[in-house]
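Look at the model below and follow the text with the structure in view.

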Amino acid sequence: MTPAGRFAPSPSGELHVGNLRTAILAWLFARSTGRRFLLRVEDLDRARAGAEAVQLRDLAAIGVGWDGDVIRQTARGALYDDAISRLQSAGLTYECFCTRREIQEAPSAPHAPQGAYPGTCRNLDAAELECKRSTRPAAIRLRAELAEYSVHDVLHGAYTGAVDDFVLRRNDGVTAYNLAVVVDDAEQGIDQVVRGDDLLPSTPRQAYLASLLNIPVPEYAHVPLVVNSDGARLAKRDGAVTLADLGARGVSAAEVRNILLDSLGLPPGTLEAALDAFSPAALPREPWVWKDTVNIQ
Ligand SMILES: [Zn+2]
């Protein structure tokens, strides 16, 4: 199977210029290295009716094309169940009955990173398990055998981050993001993951999970986010940030694409034409500030 890169949006609303810029980068990374480019809709959570169709239309409008069929995570439950079963068989999971509040209020283990699961349910005996099972459904957690893990990132170099007993399946039955993304990338032949650098801190968890499942760890490139003039991650409330908003102001999809290419130091035109000038080493490493009307001349 030809190796692949991907873009994997959550259909929770319209894509904004930050999402579109990341999609362009993922496409450029994949195509400049001879990879296929796949699109995966991460609809396990927060999916909004109709959002996927608008996202696909907007990606096509700025020139981001993809190979093969669009994959949807809600159709892939059997793959996630299989991966969790394998981990269970290896003794690498346990049931957790904690509420969010109980986790927040539990004393954290010494030296544990902030926000790490304190391990409350790690060693329940049979009687405790039976009692807890009668009170609420269990989440499934990974029984992590280490506290940190290191990955290599094309833009960030060596990166070491915390690993805790993170959730693999929530107690409402929904597969957790960290598990689904690792299973999907492997199953789709994706060996290059390009995404926003807000996801860098969860990458060691995913790479560790891949190692436990005997899955090759992909190449990672975590790209700078687009921020508003206050330096916060761009959001819908920051004004005209979607193709529909910008279109209403008379800015075409091709003009938005050119603005985004310019922000990456690349010439205006098609994405295919930008491939010649694309070099990961030359990419800006700082967040790009979207100044609404200032960017649109
Ligand atoms: Zn628990």
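Tyr 117 counts as buried because 22 C-beta neighbours lie inside 10 Å, and a residue is called buried at 20 or more. The model is predicted. Setting aside residues within four places in sequence, Tyr 117 is in contact with Ile 103, Arg 141, Asp 164, Asp 165 and Phe 166.

An unreviewed UniProt entry gives the feature "binding site" at Cys 96, Cys 98, Tyr 117 and Cys 121. These positions are spread over 26 residues of sequence, yet they cluster in space, with a largest C-alpha distance of 10.3 Å.

Next, take Cys 96 from that list. Is Cys 96 buried or exposed? Cys 96 has 23 C-beta neighbours inside 10 Å, so this residue is buried. If residues up to four places away in sequence are not counted, Cys 96 touches Cys 121, Ala 138, Ala 139 and Arg 141. Cys 121 is another position in the UniProt feature.

Three strands form an open sheet in the order S4-S5-S8, and their pairing is antiparallel. Strand S4 (93-96) and strand S8 (167-169) are the edge strands, each pairing on one side only. From one strand to the next, the twist averages 40 degrees. Strand S5 (residues 139-142) runs antiparallel to S8 and is joined to it by two bridges. Within S5 and S8, Ile 140 has Arg 169 as its bridge partner.

Notes
Residues are numbered from 1 along each chain as its sequence is written. This is a predicted model: local features need pLDDT of at least 70, side-chain atom pairs count only at pLDDT 80 or more; totals for chains, interfaces and linings use all residues. Two strands pair if DSSP finds at least two bridges between them. Helices (H or I, at least four residues) and strands (E, at least two) are DSSP runs, numbered from the N terminus. Axes are lines fitted to C-alpha atoms, for helices over the stretch in contact, and angles run from 0 to 180 degrees between N-to-C directions. UniProt positions are given in the numbering used here, feature names are shortened, and annotations may be inferred rather than shown by experiment. A residue is buried if 20 or more other C-beta atoms lie within 10 Å of its own, exposed if 12 or fewer, and partly exposed in between; C-beta atoms are placed from the backbone. Two residues are in contact if their C-beta atoms, placed from the backbone, lie within 7 Å.
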